[in-house]
Every structure is written in structure tokens, then in C-alpha cells.
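Here is a short report for a reader new to this structure. Please look over the sequence and the 3D view, then read on.

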Amino acid sequence: TRRIWPEKVFKGICLTAVLIPLGILALLLVKVGIDGIGRIDGDFLTNYPSRRAARAGILPAMVGSVYLIGLTALIAVPVGIGAAIYLQEYGKSNRWASLIELNIANLAGVPSIIYGLLGLGVFVRTFGMGRSLLAGACTLALLIMPIIIMSSREALRTIPDRTREAAYGLGATQWQVIRQVVLPVAMPGMMTGSILAISRAIGETAPLIAVGALTYLTFLPDSPFSAFSALPIQIYNWVSRPQEAFVTNAAAGIVVLLVIMLLMNSVAILIRNRLERRLK
């Protein structure tokens with residue numbers, strides 16, 4: 001009885017710590033859905049921003065978010081997975097490797113506004129990208145890259161060394177072992193980490209404000225060097241206004257942002273599941 005009682009208390013505390021935030025989040029989502037679902041229509045999705053709440057739309061912000069996340073994934077995922085492969089398969093176990101691993105873990109916890117200031121100083125000013133879509137994508141890529149590297153390394157570590165040694169015994173080179181044996185097995189785990197990282201990037205606002213994302217845009221971006229807006233920026237702009245109608249627009253924008261995030265995650269999950277089925 002003395003052993004069971006502390007276990008029940010600890011289990012109850014853990015369940016409470018999980019269920020209370022989930023309940024609050026569910027209530028917030030329900031409220032946002034009730035407030036915003038009635039505002040979503042064809043005009044809201046295809047109109048440009050306006051000073052009149054009834055005419056305001058989210059087309060530039062929605063298109064900008066899709067372009068931004070697409071560019072961010074194209075930059076961060078290959079570089080992050082490549083860095084993980086090098087550190088895990090080619091890197092040596094020494095002090096420098098331990099220092100690099102420690103720094104990557106620390107970078108995953110750096111506040112996002114710091115990455116925004118870094119992007120402003122490096123990409124916007126030093127590299128001359130200006131306040132462009134590419135500068136925003138590079139900034140978000142830096143933000144999520146530590147998460148991709150860490151999750152990809154964990155996926156690589158789950159593969160037993162005897163699997164690699166068996167391939168070496170058949171005469172395969174190290175790159176052949178990585179490409180044909182290690183990567184196919186580790187790819188589902190890598191995709192999971194990439195999905196989580198991209199999901200974080202979709203809702204980031206502070207780095208985009210720092211690199212100069214616009215809150216009022218009357219055209220669509222037509223190149224990586226175009227000015228851009230994003231749904232988090234547009235939502236922030238509407239929430240900061242005193243009129244109740246703009247708050248309703250913000251709730252509708254949140255619903256659209258959640259739908260886009262779920263669609264992107266669903267596509268990534270389908271790709272991951274297809275890779276898992278190939279392994280079976």
C-alpha cells in the first residue's frame with residue numbers, strides 16, 4: 001500500500017498537468033472557431049487587406065505563408081538532415097563534436113526574436129536580401145534547423161551498428177551504407193522531426209516582424225525577393241485594432257492558419273507513412 005499510494009498520486013498529478021492545458025486549449029479553439037467560422041467566405045479568402053473590416057481579406061497573407069513555409073522547408077530540411085548525417089556518421093567523437101552537439105541543443109531553445117534580429121543583421125542588411133520573402137525564409141530556416149538536426153540524429157542513432165557492419169561485410173562503401181541502408185530506415189523518424197519543426201515555423205510572428213514582413217499588402221509576391229506578408233502578421237495586426245469586427249477577422253484568420261497547418265502536416269505524414277510501408 002505504501003508503494004501504490006505515491007504512484008497513484010504521481011499519476012494523478014501527471015494527468016492533471018496534461019489535461020488542464022489541453023482543456024484550456026480546446027476551449028480557446030472552440031471559441032476561436034465559433035467567432036471566426038462565420039466570417040470565412042469567398043470574399044474573405046480572395047480579398048486584399050482593407051481599412052474596413054467587412055472588406056478585408058487575407059489573400060496576400062495566405063499566399064505569403066504558403067510561399068514562406070515552402071521556401072523554409074526547401075532550405076532547412078536538406079541542410080538539417082545533411083548536417084545530422086555528417087555529425088552522426090562521419091563526425092568523430094571528441095571534444096569538438098561534443099561542443100557542437102551542445103551548441104545545437106542550446107540553439108533549439110533560443111527565443112525566436114533573437115533569430116529575427118540575426119536575420120535582420122545577416123540576411124536583410126549584410127547579404128542585401130532586403131525585406132524579402134527569401135530573407136524571411138532563411139531566418140525561419142535558422143530557427144527550425146536545430147530541431148531538424150537533433151531529431152534526425154536521434155533517428156539515425158536508433159539504427160543498430162550491426163546493421164551497418166553487415167552492409168560493410170558485403171563490401172559496401174560508407175556512402176552506400178548510408179544511402180541504401182541507413183537513410184531508408186531512419187527517414188520516417190527524420191520526417192517526423194521535420195514536420196514538428198515546420199509546424200513551429202508556420203505560427204512564428206516575432207522573427208517576421210524583425211525582418212520586415214508587411215502588415216498591409218495589396219499585391220501577391222511573384223519572386224523570392226518580393227515583399228511579403230504572412231498570416232501570423234495579419235492576425236497580429238487585426239488583433240491590435242480596437243474594432244470588434246477586426247477581432248472577428250483575426251479569429252477567422254486563425255482558423256485558416258490552422259487549416260493550412262493541418263493540410264501541410266497531413267501531406268508530410270502521408271509521405272512518411274508511404275516510406276514506412278516501403279520498408280515493410
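What volume does the largest cavity have? The largest cavity has a volume of about 30 Å³.

## Basis of the model

This is a predicted model, in which local features need pLDDT of at least 70, side-chain atom pairs count only at pLDDT 80 or more, and totals for chains, interfaces and linings use all residues. Residues are numbered from 1 along each chain as its sequence is written, and side-chain values use heavy atoms, with hydrogens and water left out.

## The cavity

The count comes to one cavity of 30 Å³ or more. A cavity is a set of points, on a 1 Å grid over the protein atoms alone, where a 1.4 Å probe fits but cannot get out. Its volume is the space filled by probe spheres set on the points, which are joined across faces, edges and corners.

The lining of the largest cavity (residues with an atom within 4 Å of a point) consists of S65, L68, I69, A201, I202, L208, A230 and P232. Helix 3 (59-90) and helix 8 (174-202) are the elements that give two or more residues to this lining. Helix 3 supplies the largest share, three residues. Helices here are DSSP runs (H or I, at least four residues), numbered from the N terminus.

By type, the lining residues divide into seven nonpolar, one polar and no charged. Ala, Val, Leu, Ile, Met, Phe, Trp, Tyr, Cys and Pro count as nonpolar, Asp, Glu, Lys and Arg as charged, and the others, Gly among them, as polar.

## Helix 5 against helix 6

The axes of helix 5 (residues 112-126) and helix 6 (residues 133-157) come within 9 Å and cross at roughly 135 degrees. Axes are lines fitted to C-alpha atoms over the stretch in contact, and angles run from 0 to 180 degrees between N-to-C directions.

Contact means heavy atoms within 4.5 Å. From helix 5, S112, Y115, G116, L118, G119, F123 and V124 meet A135, C138, T139, L142, L143 and P146 in helix 6. These contact residues divide into nine nonpolar, four polar and no charged.

## Helix 4 against helix 6

Helix 4 (residues 95-107) packs on helix 6 at an angle of about 125 degrees, with the axes 8 Å apart. Helix 4 and helix 6 are therefore oblique to each other.

E101, I104, A105 and L107 of helix 4 make the contact with P146, I149, M150, R153 and R157 of helix 6. These residues divide into six nonpolar, no polar and three charged.

Definitions and conventions
1 Å grid on protein atoms, 1.4 Å probe; cavity = no way out; pocket = protein on both sides within 12 Å on 5 of 7 lines; lining within 4 Å. Parallel < 35°, antiparallel > 145°, perpendicular 65-115°, else oblique.
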